[in-house]
Amino acid sequence: MNTSDESLALPTIAVLGAGSMGGAILDGLRAPGVRLAGPVHVAVRTAASAERYADAADVVAHAAEVDPGANRAAVRGAGVVVLGVKPWLIHEVLREIAGELSPGTVVVSVAAGVTIESMAALLPEGTPIVRAMPNTPATVGLGVTGIAGGEAAGEEAIDTVRRVFATVGDVLVVREDQIDAVTAIAGSGPAYLFLYVEEMIAAAERLGFTAEEARLLAQGTVVGAAELLRRSGADAAELRRRVTSPKGTTERAVEVLQQQGGWPELFDRALAANIRRSEELAAG
């Protein structure tokens, strides 16, 4: 969690949908050191989900199962509304809450492929809208989030949203036309790393290690390397060079991956495919 510059209290916040990402954001907002103007109002689907917050002084939960107007109740008086629902539900939810938003309320969507223009058409004119693309490490406070504001989102709105997502990791302010690329790199990036670990485990098993031994070798190496990258302050290329002795074993393997495996071109093609899919989602 990054709260080193969070000197001002965040406004009252509503989180609609407390699934994986919405729940991570809610956890970040509740972390020690985060100052809020009031309790977070969260809209959830079931009464059982709402019951988890029954004894929480910093959360007011509204369950759609018992109150069909849960989303509307959650956003009343909020300075920031975070839409944590699935992309195909965004427009439906916006139609539902549009009449309950206070003037100047900042609406934030974490849904891939839903444009600011399409959201603005369903909200009162001048509503500040920000798209955010966090990734799943936000669930452990180590996320990377790209945020992009629409025309009505001024510097103050952008800074407020930046401070919201700083509670779950690092934040990069970008243009909306860069959000799909943020999705391809950071949003989907954890899956690429997990796939790499899967393949390393499988390769280790083919070399004769047991499943548990292979998991320890591959997973431990990746976690340790990531922590070394974080702590050392050196960039990835420099750390790779330190491991890659001239004419050594690592150099041979890297040559296969980069030259015979075509990793540079493969990464370009993979990210391009990811971005195309975001564009398809935006087109409906």
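Guide: Ala, Val, Leu, Ile, Met, Phe, Trp, Tyr, Cys and Pro count as nonpolar here, Asp, Glu, Lys and Arg as charged, and the others, Gly among them, as polar. This is a predicted model, where local features need pLDDT of at least 70 and side-chain atom pairs pLDDT 80 or more, while totals for chains, interfaces and linings use all residues. Numbering starts from 1 along each chain as its sequence is written, and side-chain values use heavy atoms, without hydrogens and water.

Visitor: How do the lining residues of the second largest pocket divide by class?

Guide: That pocket is an open set of 1 Å grid points over the protein atoms alone, where a 1.4 Å probe fits, with protein on both sides within 12 Å along at least five of seven lines. Its lining (residues with an atom within 4 Å of a point) has 42 residues, with G19, S20, G84, V85 and K86 nearest the centre. They split into 21 nonpolar, 15 polar and 6 charged.

Visitor: Which element gives the largest share of that lining?

Guide: Elements are DSSP runs numbered from the N terminus: helices (H or I, at least four residues) and strands (E, at least two). Those giving two or more residues to the lining include α1 (20-29), β2 (40-44), α7 (179-187) and α8 (189-206). The largest share is 4 residues, and they come from α12.

Visitor: Are α7 and α8 roughly parallel or oblique?

Guide: Their axes, lines fitted to C-alpha atoms over the stretch in contact, lie 5 Å apart at about 30°. Angles run from 0 to 180 degrees between N-to-C directions, and those under 35 degrees count as roughly parallel, over 145 as roughly antiparallel, 65 to 115 as roughly perpendicular and the rest as oblique. That makes α7 and α8 roughly parallel.

Visitor: And which residues of α12 touch α7?

Guide: Those two axes come within 9 Å and cross at roughly 130°, which makes α7 oblique to α12. With contact meaning heavy atoms within 4.5 Å, α7 brings D180, A181, T183, A184 and I185. The contact divides into 5 nonpolar, 3 polar and 2 charged residues. On the α12 side, the residues are L271, N274, I275, S278 and E279.

Visitor: What classes make up the contact of α8 with α9?

Guide: α8 and α9 (residues 211-232) pack at about 140°, axes 8 Å apart, and are therefore oblique. Among the residues in contact are L193, Y196 and E205 of α8 and A211, R215 and Q219 of α9. By class, that contact comes to 10 nonpolar, 1 polar and 2 charged.
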